[in-house]
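Biologist: Could you take me through one part of this model in some detail? I would like to follow a single element and its surroundings.

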Amino acid sequence: GWRRRGVVATAPPARARHAGARSVQQTPRSTPLAFAVARRVKHPALAPGIDAGAFAGQRLYAFGAWSEGPSLLERIREGPMDPAQVARIARPLIEGVAAAHGFGVTHTAIQPGLITVTGSGPVLHGLGVLPALDAQRTNRKADVADLAKLILHMLAGATDESGSDLVRSKGLERVSGAMRSVLETATGRTP
């Protein structure tokens, strides 16, 4: 089920770049329009967006739903996951983010604490929230790198709090072949 609480982000109006346009002022009027695109993305691994706008015509906000269940961060802290479990969690997230990218929507801050693990699969929260507030934060490569890091976190059973190089090497030790190459490339470095 969905809870009333959710992912909320606020920001002052900022310079923003919209597809096909020059740099424009992100305004209380344009924020809901940008968020409306994110709300059109429907995928079981993506929590729905609820609303975006401005408080008193000044401070921009965007709000997304939150699903019931433990966070992926909690699960990662329990220790390394086996590759089959990682695949069961990662695949729907990758498919959901790919669906969002098909609409031109990015997340830009994928992290284990924004993912709940429900009985029907993982759910990523906050899609389109940050880009609705600052359209310069629309980076598909960042989403891909974040998903690769997420896979490494699950394999290593640790987050970057342990040191990103340590987490990366522990995660890469558990995979080989094409998957190792994909993760190395997506995270921007090869050993």
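At which residue does α3 bend, and by about how many degrees?

Modeller: Happy to! Helix α3 bends by about 25 degrees at A90, and a proline, P92, follows within four residues; the bend is the angle between axes fitted to the seven residues ending at a position and the seven starting there. Before going on, a word on the basis: this is a predicted model, in which local features need pLDDT of at least 70 and side-chain atom pairs count only at pLDDT 80 or more, while totals for chains, interfaces and linings use all residues. Residues are numbered from 1 along each chain as its sequence is written, and side-chain values use heavy atoms, with hydrogens and water left out.

Helices (H or I, at least four residues) and strands (E, at least two) are DSSP runs numbered from the N terminus. The 20 residues of α3 should span 28 Å at 1.5 Å a residue, and the end C-alpha atoms lie 27 Å apart, which agrees; the expected span is 1.5 Å times one less than the number of residues.

T108 counts as buried because its relative accessibility is 12%, where buried means under 20% relative accessible area, exposed over 50% and partly exposed in between (1.4 Å probe, protein chains only).

Along α3 itself, the buried residues are V86, I89, A90, L93, G96, V97, A100 and H101. An α-helix has 3.6 residues a turn, so residues three or four places apart point the same way. The buried residues of α3 pack against α2, β6, β7 and α5 (140-156).

As for the strands, β6 and β7 (121-124) pair in the antiparallel sense over four bridges; pairing requires at least two DSSP bridges. A hairpin of two residues joins β6 to β7, and T118 has G121 as its bridge partner in β7.

Conventions: Contact = heavy atoms within 4.5 Å.
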